[in-house]
Amino acid sequence: MRPLARAAGLLLAAVAFTAAVALPAEPAQAHAALLRTNPPIGSVVAQAPSQITLTFSESITAVPGKIRIVGPDGERADRSTPTVAGTTLSITLRDDPKQGTYLVSYRVISADSHPIPGGFTFSIGIPSAAPAATEGDDDVNATVSTLLTVVKVVGYLGLVLLVGPVLVLSMLWPRRLSQRTPRRLMWTGFVVCAAATLAGLYLQAPYTTGTGLTGVSVGDLLDVAGSTYGLASLARLVLLAAAAVLVRPLLVGRDRLPGRVALLAVAALAALTWPVTGHPAASAVPLMSIAVDAVHLAGAAVWLGGLLMLAGWLLRLSDERERAAILPIWSRWASLAVAAVLLAGTVSALIQVGTPTALVGTAYGRLVIAKVGLVAAALVAAFVARRLAAGPALSRPGGLRRVVFVELAITVAVLATTGVLTQTTPARTAEQITQGITQPQTYTTTLTSPKFTLQLEVSPAAPGDNLMHLYAYTPQGAQLTVVEWTATAALPSAGIEPVNLAMIKLTDNHASAQFAMPTPGQWELRFTLRFSDIDQESVGTTVTVEAPKS
């Protein structure tokens, strides 16, 4: 039972490592970036749009009941069901909306099965107090997110526990030794992997909706079951059951070539069920990423599973003659598995990280660096083990076993780090989120004079067409009736003299203008407000217009 106890200890160590990494962290960030909205965030538009659109960096799926528009009166202002076309979410605004500020609240699921909650405001005609957000709409439950990370690590470990015994018992196990304990480990692996998959299916429901562990409805579970995540998880359960049937004759020596081919095909399909619901599915090259990640997972399972069987049973129970036959074969298998892990891991990192800046400047990139360091340490241990295997270890394997257990412990830490990576925003997306929405924001300022206060909004305050809104108030804050609005724009540094802007009077105290600022620089805007035939006053300001960032 000592090997089983050690396997259980490694499992608990991996869970503890994962919890230590994941628990102090905030809930997972969005795994896709919101690139732009129409109307722009914080903008004031003269005419009400028929639809509000949000464009993300990845394809998305809408979460039922979690997308709404709230009007300035606090009532729902959207109508019909929101629609999704690839990366774009469209929400229809109600007919004849009131003037004021609107809150757009959304929760969608990215291509890698992670929720993206958020919200923003825009105004029609005149800004007003922003409606209050619905409690919980912007949340990702920290407990649920952490448990999902732990469950994924446990699932990976279950895969290791079943792959190692199947591989070694069918290919390397001496016939004179009993298979009873390794078989129990293999069936434990099947159970752990299936249980982790079922737990993940349940946890995905509150993770998607933003509720707690007990706030899951039957409808939420059905929605998850019908999603890519749910279908992949259900397929994994079916494939695990098929593998359990196919592996029995393999272990008793009654297998045939068709059975081995069928088991290999089932294993390959099962390996795909993990990346198809993770970051690889949302990469720039999803098919390549999914295939590479599946190879990475399979190589790691063979490497770790073989190490576990080697340290737990083969080196302890086999004799010198058997070890002389087993160790060279395992060495070749381990070399192939490690090569697959390194090659696939490198390709995956290049895809998901993208730039050197993202490697050192994001949590995902730093975890990749930590994982590389752990893999390097495991390779050093593997090198030492290989040197020992070529020496007196054939007759006295105690030292070799200790080194192999060190290698195994390090690779379990690698596996735990991989589990944390699955819940961490990919570096390429984190950079987009850090940079923020690519659309420029609204420039706002308040200009004062002895006779009035003028609120100015220019959107997007960038080279090209801009929309300007002016709101006039008395020094005491009451709306001021303006008879005539006059505005000019100039860029002295570029030799552009003041140009009159075509003002549109919307209400007694509100006017707007559509105009162009074609060149970056310090644009001088001047406004003259006339209140009667003989009463008027002017104010001015400078708006900095920057060139778009590359």
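How many bridges join E1 to strand E3 (residues 51–56)? Four bridges join these two strands, and E1 and E3 run antiparallel. Strands pair if DSSP finds at least two bridges between them. Helices (H or I, at least four residues) and strands (E, at least two) are DSSP runs, numbered from the N terminus. The model is predicted: local features need pLDDT of at least 70, side-chain atom pairs count only at pLDDT 80 or more, and totals for chains, interfaces and linings use all residues. Residues are numbered from 1 along each chain as its sequence is written, and side-chain values use heavy atoms, with hydrogens and water left out.

E1 and E3 belong to an open sheet of four strands. The order is E1-E3-E7-E6, and the pairing is antiparallel. Strand E1 (34–38) and strand E6 (78–85) are the edge strands, each pairing on one side only. Neighbouring strands are turned by 15° against each other on average, direction ignored. Such angles are taken between axes, which are lines fitted to C-alpha atoms (for helices over the stretch in contact), and run from 0 to 180 degrees between N-to-C directions. Asn38 stands opposite Thr53 in E3. The peptide bond from Asn38 to Pro39 is cis, with omega near 5°. Pro39 lies in the loop between E1 and strand E2 (44–45).

Another open sheet of four strands has the order E14-E13-E17-E18, again with antiparallel pairing. Strand E14 (496–500) and strand E18 (536–545) stand at its edges. Each has a single partner strand, so one side of each is left without a neighbour in the sheet. The twist averages 20° from one strand to the next. Three bridges pair E14 with strand E13 (residues 484–491) in the antiparallel sense. Ala489 has Val499 in E14 as its bridge partner.

Two packed helices are described by the angle between their axes and the distance between the axes. Helix H2 (residues 142–171) and helix H11 (residues 398–422) have axes that come within 8 Å and cross at roughly 140°. H2 and H11 are therefore oblique to each other. Angles under 35 degrees count as roughly parallel, over 145 as roughly antiparallel, 65 to 115 as roughly perpendicular and the rest as oblique. H2 passes H11 in a right-handed crossing. A crossing is left-handed if the near helix is turned anticlockwise from the far one by less than a right angle, and right-handed if clockwise.

The axes of H2 and helix H3 (residues 180–209) come within 7 Å and cross at roughly 155°. H2 and H3 are therefore roughly antiparallel to each other. Here the crossing is left-handed.

The structure holds five aromatic pairs. One of them joins Tyr156 and Trp274, with 6.4 Å centre to centre and 40° between the planes. This pair is tilted. Rings of Phe, Tyr and Trp (its six-membered ring) pair if their centres lie within 6.5 Å; planes under 30 degrees apart count as stacked, over 60 as edge-to-face and the rest as tilted. Tyr156 is in helix H2, while Trp274 is in the loop between helix H6 (257–272) and helix H7 (286–317), 118 residues apart.

Most residues other than glycine have a negative phi, and most peptide bonds are trans. Asp96 has a positive phi, near 50°. Asp96 is placed in the loop between strand E7 (88–93) and strand E8 (100–110). The peptide bond from Ser459 to Pro460 is cis, with omega near 10°. Pro460 lies in the loop between strand E11 (453–459) and strand E12 (464–473).
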